[in-house]
2 protein chains.
Amino acid sequence: MQIVLNSPLDMHLHLRDADMLKRVAPLSSFSFSGAIIMPNLVPPITTIEALLEYRQRILSSTCRDNFKPLMTLFFKNDYSYNFLKDAKKYIAAVKLYPSGITTNSEGGVSNMDIGGLRDTFEAMSELGIPLLVHGETNGFVMDREEEFGSVYEQFAKNFPKLKIVMEHITTKHSAELLDRYENLYATITLHHLYITLDDVAGGMLLPHLFCKPIAKRPEDRDALLKLALSAHPKVMFGSDSAPHPVDKTESCGCAAGVFTAPIALQALAMLFEKHGKLKNLQAFVSDNATYIYEYEPIKKEVVLAKAPFVVPKSYEGVVPMFAGEEISWSIKNVR
Amino acid sequence: MQIVLNSPLDMHLHLRDADMLKRVAPLSSFSFSGAIIMPNLVPPITTIEALLEYRQRILSSTCRDNFKPLMTLFFKNDYSYNFLKDAKKYIAAVKLYPSGITTNSEGGVSNMDIGGLRDTFEAMSELGIPLLVHGETNGFVMDREEEFGSVYEQFAKNFPKLKIVMEHITTKHSAELLDRYENLYATITLHHLYITLDDVAGGMLLPHLFCKPIAKRPEDRDALLKLALSAHPKVMFGSDSAPHPVDKTESCGCAAGVFTAPIALQALAMLFEKHGKLKNLQAFVSDNATYIYEYEPIKKEVVLAKAPFVVPKSYEGVVPMFAGEEISWSIKNVR
């Protein structure tokens, strides 16, 4: 059995910088046609100059020329209309982080009141620039995303022309918000389709499955699965693949992030086949994103075959999800 | 400011065996007068012979002769009345583990139906041997203890003369069960009075705070605090101090267990003082246990002073709670 995916897109990707960028960019650019690149470097990407330099470093690190990094700026509420108008030529979206909520988000927004955000949101609405949001409060770890729901609702109600993407949703509650507001969209990761908190901390503690937002309850995963497997038109695949060197994930105080980029398509094929929904994978990993972002992707065909693939224990020191395990689908060819 | 604790008791302690026993037994025997010793070795302690040998290894590993290991057997439903009658001379309790629920519990009970447990429970009731229970199902990690509640209720209702200790309770629900059944008691650990899941996985992932049962929600911790600080007569301090070598807690797949024995009394004093409840600490760490177990402890006075204590980063390769941090109480003298 095999399938062909046309121009798969990863709509939420961390490529990092420097040595790590050189290690991971070839892996994403091998199997994806494009990816939304997160701007949370140190310092974050907040100028066009920094963005173009980062874009160049990414392109020099990829293994093929048929991969497009879709660049994003790190949201600041002092971005003016004119700045964003210039930036629009180079960016696919702007990413908003609540301050301190995840890796390198210290310079993010500390007050979600609409007053302080209005000018920038209105400029983005007018210019048609999507707003991507890491939607968590700093509350109790299992409640953070649901607590942020009221912020999403405020944003969606007050800026009806702004496309708002709820990034890496993990709860039934977020899944329900999607249908309540026309301008809310979502990305879903691979790992949140596979795991719950049980997999992270129910047996041994598995730091390589620790991420933000943390994996939630079985009923939450079921709600995400339902959206993904049906390729709900407002959801897109976004891996949130977040590499850390092994000494940062296996030490006392592990960094958050699951590294899935090189195994994502294979594991998605396995999951969709298991549920008899292979026919919907194309929409989930590409078509929905092209409609939502109004984006014409670079052509790339990825041939996946049902054939065993033993996931490497490490990609140059970065431990992937399913490390050392056999999954039942592999990439046969990319053209 | 200083206080004197008379004969502090740790009513739930893992001393392990061999090298680890030699490392940790001196630490508990330094500051505690006695401790309930968990029987989940490999293989578990199920015979009087193994129990007496283990007791001897413990005594040879302690640093003082004023420490009494209160031995327990690993529950098996084929223990006969006569066996338990003989064993009673040497044991303080019998500990029941659901099969596979925690470290070295593979030989535990796989069916909690009362039918198969009745004979042993009746013998224990008649002989006055307390039943200690690790109360978790194999359900979703945050629900396991509450799900086990109905088992506790069945046990309590059907065996009203059996003293049942709900070990290391972590939920508001368990706290409420205490007052519902006369023959239910509980131990509470140090770490469950201090932490919630937020501390384990809300920021960085902290493997040294990973334990079973996992720390729960803020409202659960508040319920435990209320019981401990008021020295509710049916609760006892039980550290569940569970040492693992550092390579088992900081590697890919971390073992569950927080190591608190050497810092428990200092950290309890800090906590009780903070809440203005120092006067209740004696009951929580000793008196309640002596009533519940009808046990006359070896005399030992531990003088605690409000003076800074920097917790070692490691005790011979075992990382304690609060490693490297300063706590505000220290042990001044033991006599």
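**Entry 1: where the chains meet**

I started at the interface: 23 residues of chain A are in contact with 24 residues of chain B, contact meaning that the C-beta atoms of two residues, placed from the backbone, lie within 7 Å. On the side of chain A that touches chain B, helix 8 (residues 197-201) gives the most, with three residues. I then sorted that side by residue type and got 15 nonpolar, five polar and three charged. For the sorting, Ala, Val, Leu, Ile, Met, Phe, Trp, Tyr, Cys and Pro are nonpolar, Asp, Glu, Lys and Arg are charged, and the others, Gly among them, are polar.

**Entry 2: ground rules**

I noted that this is a predicted model, where local features need pLDDT of at least 70, side-chain atom pairs count only at pLDDT 80 or more, and totals for chains, interfaces and linings use all residues. Residues are numbered from 1 along each chain as its sequence is written, while chains are lettered from A and ligands numbered from 1 in the order in which they are written.

**Entry 3: the two copies**

I laid chain A on chain B: a turn of 180° and a shift of 0.0 Å along the axis do it, with an RMSD of 0.0 Å.

**Entry 4: chain A overall**

I counted 12 helices and 13 strands in chain A; these are DSSP runs numbered from the N terminus, helices being H or I of at least four residues and strands E of at least two. The C-alpha trace spans about 55 × 40 × 40 Å along its principal axes.

**Entry 5: the sheet**

I traced an open sheet of eight strands in chain A, ordered 2-3-4-5-6-7-8-9 with parallel pairing; two strands pair if DSSP finds at least two bridges between them. Strand 2 (9-13) and strand 9 (235-237) each have a single partner, so one side of each lacks a neighbour in the sheet. Zooming in, I found three bridges between strand 5 (residues 91-96) and strand 6 (residues 131-133). There A:K95 stands opposite A:L132.

Methods
Copies are superposed by least squares on the C-alpha atoms of residues with pLDDT of at least 70 in both.
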